[in-house]
Protein chains: 2
Amino acid sequence: MAKKIIIIGSGAAGMTAASSARKFDSGSDITIITEDEDVAYSPCAIPWVLEGKNSWDRIVMHDPEYYSKEKNIDILTRTKADSVNAELKEVSAGSKKYKYDSLIIATGGKVFIPPINGIDLEGVFTLRTVRDGKNIEACMKKTDRVVIAGAGVIGLEMAVALHNTGKKVTIIEMMDQVIPRIADRDMAASIQKHLEEMGIEIVLKAPVEEVLGDKTVRAIKAAGKEYPCGMVIFATGVRANLDIPKELGFDIGQLGAVTVSPTLQPYKRGRLVNDIYLAGDLIQCQSAAVPGPTMSQLGSSAVRQGAIAGRNAAGDTAMLGPTASPWISVIGDLQIAGTGMSQGLASWYGISIVEGVAEGLTKARYSPGGKKIIVKISAEKSSHRIVGAQILAGEDANGRINWLSSAILSGITAESFLALTENAYCPPTSTVKDVVLSAVEDLVHNLSS
Amino acid sequence: MAKKIIIIGSGAAGMTAASSARKFDSGSDITIITEDEDVAYSPCAIPWVLEGKNSWDRIVMHDPEYYSKEKNIDILTRTKADSVNAELKEVSAGSKKYKYDSLIIATGGKVFIPPINGIDLEGVFTLRTVRDGKNIEACMKKTDRVVIAGAGVIGLEMAVALHNTGKKVTIIEMMDQVIPRIADRDMAASIQKHLEEMGIEIVLKAPVEEVLGDKTVRAIKAAGKEYPCGMVIFATGVRANLDIPKELGFDIGQLGAVTVSPTLQPYKRGRLVNDIYLAGDLIQCQSAAVPGPTMSQLGSSAVRQGAIAGRNAAGDTAMLGPTASPWISVIGDLQIAGTGMSQGLASWYGISIVEGVAEGLTKARYSPGGKKIIVKISAEKSSHRIVGAQILAGEDANGRINWLSSAILSGITAESFLALTENAYCPPTSTVKDVVLSAVEDLVHNLSS
């Protein structure tokens with residue numbers, strides 16, 4: 001029977017859930033409640049807009065009217081869902097109450113900002129929404145010196161974007177490498193070198209201590225030193241937004257996100273909760289690389305999860321598979337990509353990994369325009385199962401990281417992957433033996449020695 | 001114990017076999033006997049040299065002296081292996097005899113030329129070696145009108161190369177589509193349109209009947225019509241070179257190539273032959289898509305097979321896995337790639353396939369420079385196993401076809417592939433949901449309806 005579905009949140013997870021529910025049941029009644037003023041845009045594209053390579057108009061795909069007219073999906077923008085009553089099955093937003101048969105919570109994450117002085121000064125930003133982006137754009141007119149706090153991929157992409165508009169950019173990172181959470185030290189070192197050669201300053205092992213200024217930011221203090229700037233962007237990582245899940249008493253996992261069933265339903269004191277589904281940055285999911293939980297705070301993961309949450313809210317019982325969480329980022333002239341286990345994650349799980357590495361070219365050696373590419377693949381030491389991969393390249397990292405993600409997701413050993421893998425070849429697009437195969441050969445060799 | 005290894009043939013299979021044997025046993029005695037004058041070059045690159053985008057110097061990687069000095073591998077160039085005596089374990093070449101412990105036959109294929117009048121005229125060529133390429137280059141100075149007989153990928157790549165040097169090019173094909181052996185009709189039609197828009201003439205359903213001229217070619221006659229030209233290049237398909245295998249009485253499979261064991265040894269009246277290994281265009285191998293034989297006349301397959309033949313000749317017993325035979329070609333501004341089963345091959349095997357198709361972009365819709373991409377994936381109707389894929393795109397086909405090849409090689413169903421597959425996303429390199437996933441969704445939908 002057609003259901004009344006309420007979705008809280010209009011990010012990639014929420015919007016995909018809405019479309020997916022509509023596709024599954026043309027008769028369901030779908031309402032999205034969101035604090036945001038724009039919907040259906042790509043937050044990942046914001047650095048490129050700020051750099052001038054794109055525009056706000058272009059990255060916002062549709063306005064709320066489109067969804068209302070074309071898909072019969074109602075969107076309440078600038079509307080905060082204050083609370084949920086799971087017994088009465090209703091959401092309170094402002095003075096109004098909205099009844100549901102199925103509820104999807106897709107409220108995403110919040111940028112973690114360290115609890116220090118000065119974070120409320122003018123010129124201090126985070127980056128999640130188009131509104132954030134426009135505020136940063138306005139501030140760019142007032143200053144030439146920018147500090148990015150946090151050297152994750154979003155921080156680095158922002159650093160390059162602002163550098164390319166002529167700003168003097170300093171990146172300040174608490175850990176001792178860039179992209180500390182998901183990239184290995186060797187890959188990160190190459191990215192750091194590339195950024196420094198562009199003229200971007202990088203300060204590592206420097207926890208941010210204070211933002212200085214009167215009304216407006218004047219400098220940031222980190223590890224005892226002051227860095228003058230007129231703008232600070234905190235890109236210090238995203239934490240699950242647990243406001244509603246905590247209110248509802250849902251179980252929170254050890255990664256600080258909501259534990260969900262394969263159908264994306266939450267648990268309350270260990271018991272499955274019916275008629276509520278979660279998708280996006282606020283859930284913990286199952287790793288494809290090891291039997292354990294992982295976080296997958298990626299746009300592509302939000303879409304994958306949202307599609308399942310939407311179907312299930314509309315009456316299906318689709319299952320989310322485990323995740324390798326492949327990611328890619330373009331940092332200046334380099335692409336860095338990863339999937340599955342990094343060295344850091346392996347430590348967290350307590351497992352031992354063996355690595356294979358190969359360096360090659362994206363095109364035949366003699367073909368014009370080929371770029372250097374480094375592929376690293378790792379296997380779990382006892383099972384030989386492929387559990388992770390990272391790529392650093394001038395181009396063509398994406399197809400390869402998807403390819404290696406499938407290897408992780410299928411649970412294949414390094415030896416099987418080597419025996420069962422082939423590559424297409426044409427001089428202007430590839431080498432006769434792909435660098436992925438060379439890396440697997442090295443891995444198999446290292447596993448046996 | 002270190003073996004005396006003779007390799008007949010210096011193409012990708014033979015050269016890789018030599019390096020692989022050397023790597024497995026530094027003490028083995030390795031000699032290559034080849035009719036060719038150049039070794040260690042990429043024949044696939046010849047069209048790009050003729051177009052002026054590359055040079056003979058650059059596409060020949062090493063000369064024979066390099067192998068002698070650096071790898072202790074002797075190469076006898078311009079030397080024809082006349083016969084093999086498997087009882088005495090010796091190869092006769094000219095007046096000399098060469099003893100072996102292990103023999104590798106890597107004599108590749110021969111371009112099939114129809115038995116018609118005029119094929120010996122000046123200006124008639126095939127394309128296998130650098131020598132062939134240089135002969136074509138010399139002839140290019142004498143004529144502006146070229147006919148390519150055969151619309152396979154080599155024929156089409158040559159057509160574009162010669163067109164780009166200012167020649168008037170006509171392609172004459174016996175079948176009713178371009179790339180008839182491995183590409184589906186829909187993909188082929190797009191390639192044909194692209195070539196015609198460039199100004200290349202294509203004549204289908206026209207078997208070549210005669211090459212006309214006195215000493216030098218003046219025209220070619222096909223399906224009753226004459227096409228004036230000063231050069232004809234036969235790119236009419238490659239047949240296994242069976243001279244030595246037939247002399248030795250090896251079993252020939254139904255595809256007209258040598259039947260080999262998984263260790264790449266031939267059979268003689270159904271019995272395994274010891275101490276002889278084959279690799280490259282002259283063998284029939286096992287398809288990864290269906291339980292049946294296939295041909296894999298690709299440079300990348302020759303390298304894969306050569307590596308195993310070399311190891312085994314040196315004393316190992318490595319096994320060649322089944323093949324999806326992924327291929328890719330760049331035709332003007334388009335890339336066309338395929339793997340596993342085409343519609344034509346499916347008919348030959350007598351199986352039914354179901355297809356899923358999706359069209360998308362290589363980058364986020366709003367990112368500059370994204371190109372159109374069409375992905376088609378097919379599954380066997382009863383098992384739902386993924387058995388084939390084809391891609392037509394402005395860029396980035398290679399990584400995706402390798403990815404889909406792994407899906408075929410791992411024997412996964414469309415439903416499993418859909419559940420277990422993820423993609424990395426960043427606006428300048430990809431879309432949030434890859435077109436490969438959209439194609440698999442369509443496939444799963446079509447399988448269930």
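In chain B of this predicted model, the axes of helix α1 (residues 12–24) and helix α9 (residues 299–313) come within 7 Å and cross at roughly 35 degrees. Axes here are lines fitted to C-alpha atoms over the stretch in contact, with angles from 0 to 180 degrees between N-to-C directions. Helices are DSSP runs (H or I, at least four residues), and strands are E runs of at least two.

**Helix packing in chain B**
- The crossing of α1(B) and α9(B) is right-handed, meaning the near helix is turned clockwise from the far one by less than a right angle.
- On α1(B), the contact (heavy atoms within 4.5 Å) includes Ala12(B), Thr16(B) and Phe24(B).
- On α9(B), Gly299(B), Val303(B) and Arg311(B) are among the residues that take part.

**How the two chains relate**
- Chain A can be laid on chain B with an RMSD of 0.0 Å, by a turn of 180 degrees and a shift of 0.0 Å along the axis.
- That is the relation of a two-fold axis.
- The superposition is by least squares on C-alpha atoms of residues with pLDDT of at least 70 in both copies.
- The copies meet through the same surface, because 98% of the interface residues of chain A are also interface residues in chain B.

**Around Ser296(A)**
- Ser296(A) lies in the loop between β23 (293–294) and α9 (299–313) of chain A.
- Ser296(A) is buried, with a relative accessible area of 4%; buried means under 20% (1.4 Å probe, protein chains only).
- The side chain of Ser296(A) makes polar contacts with the side chains of Ser301(A) at 2.5 Å and Ser325(A) at 2.8 Å.
- A polar contact pairs N or O atoms within 3.5 Å, one able to donate a hydrogen and the other to accept it.

**Conventions**
- Residues are numbered from 1 along each chain as its sequence is written, and chains are lettered from A in the order in which they are written.
- Local features need pLDDT of at least 70, side-chain atom pairs count only at pLDDT 80 or more, and side-chain values use heavy atoms, leaving out hydrogens and water.

Key
Buried means under 20% relative accessible area, exposed over 50%, partly exposed in between (1.4 Å probe, protein chains only).
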